[in-house]
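Here's a quick tour of a protein chain, written for someone just getting started. Have a look at the sequence and the 3D view, then read on.

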Amino acid sequence: MLAGPVNEVAKKQSWLGRTLDLSKAYKQVPLSEEAQSLCVLGYFHGNRWTYYTTPRLPFGATSDVYTFNRISRSIHHILYRFLHVVCTCFYDDFPALSSRFGSGLVSKSMSLVQNLLGWDHAQVGVKATDFASECAALGITVKLQELHLGSFTLANKGGRVLKIAEMLRELKKQGRVSRNEASEIQGHLNFAQGFFTSRSLRFVLGQFEALSVAQGAHSAKKLLCCPT
């Protein structure tokens, strides 16, 4: 926590946000030669075993999560300790805040540090958006228009809301839902409902969760009701 007087100019400045995203972060972390012999994936096919290994940090291994978290927090430490960037980190994503008058310098500084450290990161495309009053961070939309007044808004991305609504309309139209369909919708709802403080989606989420694990001879279950 930082405590102290705030400059009057800063009080009147609007705040912007962006997320710096490392490109294929795990693949940028090499394994030592000693570790490569311990990182082998095999599967049985055509009456024979086939094996694969990798010289890079494999995605999915439990220990790799702890390994990469140390790396991620080291980058985060450099950004906030030496560049004084207001930011946090979640694996390979680094959401950051800046006042409007300093956002250009902060953006260039964050990118320059990654280049100096040898980290490939998104510099073009949808993941390379610059500082803005609304930004995507960790799969949600962060609205910062009133942050300088003491409040901000977290919301589901518009595309997610539209996709869920379209999936529900299709289920209502067909009147039935398979376990696979219920599982897919349950996954979308599970992520979306976390941003509703009243948890108003919990009942609907529970119903689709029950359908997704339902056992029986038939994979399709009768859809009794489906909200629009």
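## The big picture

Take the contacts in the chain between residues at least 6 apart in sequence: 60% of them join residues at least 24 apart. Keep in mind that this is a predicted model. The chain has 228 residues, and 32% of them count as buried.

**Strand S5 and its partners**

- Let's start with strand S5, which covers residues 93-99. Here 6 of the 7 residues are buried, so S5 is largely enclosed by the rest of the structure.
- One of its partners is strand S1 (residues 15-21), and the two run antiparallel, joined by 7 bridges. As an example of who sits across from whom, Thr-19 has Pro-95 in S5 as its bridge partner.
- Strand S4 (residues 86-87) pairs with S5 too, again in the antiparallel sense, over 2 bridges. In this pairing, Cys-87 stands opposite Ala-96 of S5.
- S4 and S5 also make up a hairpin, with 5 residues between the two strands. Check out Tyr-91 in the turn: its phi is positive, at about 55°.
- A handy bit of background for looking at strands: in a regular strand, the side chains alternate between the two faces of the sheet.

**Helices H3 and H4**

- Next up are helix H3 (residues 62-82) and helix H4 (residues 103-117), whose axes come within 11 Å and cross at roughly 135°.

**Helices H5 and H6**

- Finally, helix H5 (residues 158-174) packs with helix H6 (residues 179-192) at an angle of about 145°, and their axes are 11 Å apart.
- The crossing of H5 and H6 is left-handed.
- H5 brings Arg-160, Lys-163, Ile-164, Met-167, Leu-168, Leu-171 and Gln-174 to the contact. From H6 come Glu-181, Glu-184, Ile-185, His-188, Leu-189, Phe-191 and Ala-192.
- What classes do the residues of the contact of H5 with H6 divide into? There are 8 nonpolar, 2 polar and 4 charged residues.

Technical notes: Residues are numbered from 1 along each chain as its sequence is written. This is a predicted model: local features need pLDDT of at least 70, side-chain atom pairs count only at pLDDT 80 or more; totals for chains, interfaces and linings use all residues. Side-chain values use heavy atoms; hydrogens and water are left out. Axes are lines fitted to C-alpha atoms, for helices over the stretch in contact, and angles run from 0 to 180 degrees between N-to-C directions. Helices (H or I, at least four residues) and strands (E, at least two) are DSSP runs, numbered from the N terminus. Buried means under 20% relative accessible area, exposed over 50%, partly exposed in between (1.4 Å probe, protein chains only). Two strands pair if DSSP finds at least two bridges between them. A crossing is left-handed if the near helix is turned anticlockwise from the far one by less than a right angle, and right-handed if clockwise. Contact means heavy atoms within 4.5 Å. Ala, Val, Leu, Ile, Met, Phe, Trp, Tyr, Cys and Pro count as nonpolar, Asp, Glu, Lys and Arg as charged, and the others, Gly among them, as polar.
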